Amino acid sequence: MLIEASNIHKTYKEAGYLLHVLKGIDLKIDAAQVIAVVGPSGAGKSTLLHILGALDVPNQGQVYFNGQDVYGLNDKERSLLRNSQMGFVFQAYHLLPELTALENVILPAMVKNNSRKTSAIEFDGVKLLEKVGLGQRVSHRPNQLSGGEQQRVAIARSLMNSPKVVFCDEPTGNLDSQSGAMVIDVLLNLNKISGQTVVIVTHDQAIAKRTQKIIYIKDGMLEG
Ligand SMILES: Nc1ncnc2c1ncn2[C@@H]1O[C@H](COP(=O)(O)OP(=O)(O)OP(=O)(O)O)[C@@H](O)[C@H]1O
Ligand SMILES: [Mg+2]
């Protein structure tokens with residue numbers, strides 16, 4: 001098992017008012033699984049994804065990632081775990097407009113500042129762009145790419161540090177159904193070919209149906 005969450009609670013305090021967003025979530029995600037998280041707006045999907053992805057601290061409960069107690073780590077250790085083992089793809093692609101597709105993709109490896117040569121990193125970056133079907137768009141800047149292509153660059157970037165899991169929050173939310181389907185094809189293919197674990201938050205039942213497991217969340221609890 002790659003991820004195990006137990007009894008996750010999350011509350012937000014807003015203007016003295018306590019909002020109980022997650023109310024005791026238990027879930028398990030196997031390695032090499034593609035899993036969809038669905039549910040109505042405001043149900044707590046993004047909040048759950050952030051907690052699974054070591055981006056936000058739960059008020060109660062545990063997340064084990066590869067056997068490691070994520071919220072037993074200090075902030076620095078947790079960042080390291082996140083940066084080395086997890087990739088993220090969001091609804092807005094968050095590409096840097098002044099950088100090319102390749103430069104955007106390799107950014108996480110450049111930031112990591114290890115001793116690898118830039119040429120070796122670039123080689124990997126081109127491979128990743130080829131993997132997401134953008135071998136012919138290496139030098140394009142984001143404003144020269146379609147929305148679906150930009151999202152595929154973001155997927156390639158999320159894979160740069162060889163994460164064990166890629167967390168996707170509404171990755172097709174800004175796309176028409178055809179480009180959205182292509183983005184999902186890319187994610188499913190990564191799983192099929194490389195055994196990549198993928199967690200996809202989506203509103204779209206058609207997308208959810210293509211995954212191996214669906215988690216329904218409503219009012220901060222799992223259903224079904
Ligand atoms: N930082 C925050 N401070 C206060 N309340 C928050 C915060 N983040 C989220 N919430 C509240 O928590 C609830 C769940 O939010 P969340 O973003 O997890 O929902 P969601 O299921 O992802 O919804 P959507 O499908 O619209 O993206 C919402 O009611 C939201 O207003
Ligand atoms: Mg959300």
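**View 1. Strands E1 and E2 pair side by side.** Strand E1 (residues 3-14) runs antiparallel to E2, and 10 bridges hold the pairing. Here, helices are DSSP runs of H or I with at least four residues, strands are DSSP runs of E with at least two, and both are numbered from the N terminus. Two strands pair if DSSP finds at least two bridges between them. This is a predicted model, where local features need pLDDT of at least 70, side-chain atom pairs count only at pLDDT 80 or more, and totals for chains, interfaces and linings use all residues. Residues are numbered from 1 along each chain as its sequence is written, while chains are lettered from A and ligands numbered from 1 in the order in which they are written. To find your way around the pair, look for Thr11, whose bridge partner in E2 is His20. E1 and E2 form a hairpin with 2 residues between them, and Ala15 in that turn has a positive phi of about 50°.

**View 2. Here's the open sheet of 4 strands.** Read across it and you get the order E2-E1-E4-E5, with antiparallel pairing. Which strands sit at the edges? They are strand E2 (17-29) and strand E5 (68-69), each pairing on one side only. Helix H1 (residues 45-52) packs on this sheet and touches E1, E2 and strand E4 (60-65). The direction of H1 makes about 125° with that of E1. Angles run from 0 to 180 degrees between N-to-C directions, and axes are lines fitted to C-alpha atoms, for helices over the stretch in contact. As for touching, two residues are in contact if their C-beta atoms, placed from the backbone, lie within 7 Å.

**View 3. E4 has a partner in both E1 and E5.** E1 and E4 are joined in the antiparallel sense over 5 bridges, and Glu4 has Tyr64 as its bridge partner in E4. Tyr64 also has a bridge partner in E5, namely Asp69. The E4 and E5 pairing is antiparallel too, over 2 bridges. These two strands make a hairpin with 2 residues between them, and Asn66 in the turn has a positive phi of about 55°.

**View 4. What surrounds ligand 1?** The shell consists of Tyr12, Glu14, Leu19, Val21, Gly39, Ser41, Gly42, Ala43, Gly44, Lys45, Ser46 and Thr47. To be near the ligand, a residue needs its C-beta atom, placed from the backbone, within 6 Å of it. E1, E2 and H1 are the elements that give two or more residues to this shell. H1 supplies the largest share, 3 residues. Sorted by class, the shell has 4 nonpolar, 6 polar and 2 charged residues. Ala, Val, Leu, Ile, Met, Phe, Trp, Tyr, Cys and Pro count as nonpolar, Asp, Glu, Lys and Arg as charged, and the others, Gly among them, as polar.

**View 5. Now for the open sheet of 6 strands.** Its order is E6-E7-E8-E3-E9-E10, and the pairing is mixed. Strand E6 (86-89) and strand E10 (221-223) stand at the edges with a single partner strand each, so one side of each has no neighbour in the sheet. On average, and ignoring direction, neighbouring strands here are turned by 25° against each other. Strand E3 (residues 34-38) and strand E8 (residues 197-201) run parallel, joined by 4 bridges. Within that pair, Ile35 has Val199 as its bridge partner in E8. H1 packs on this sheet, touching E3, strand E7 (165-169), E8 and strand E9 (213-218). The direction of H1 makes about 155° with that of E8. Helix H5 (residues 147-158) packs on the sheet as well, touching E6 and E7, and its direction makes about 170° with that of E6.

**View 6. H5 and H6 pack together.** H5 and helix H6 (residues 177-194) meet at an angle of about 20°, with their axes 9 Å apart. That makes H5 roughly parallel to H6, since angles under 35 degrees count as roughly parallel, over 145 as roughly antiparallel, 65 to 115 as roughly perpendicular and the rest as oblique. On the H5 side, look for Gly147, Gly148, Gln151, Arg152 and Ile155, which meet Ser179, Met182, Val183, Val186 and Leu187 in H6. By class, this contact has 5 nonpolar, 4 polar and 1 charged residues.
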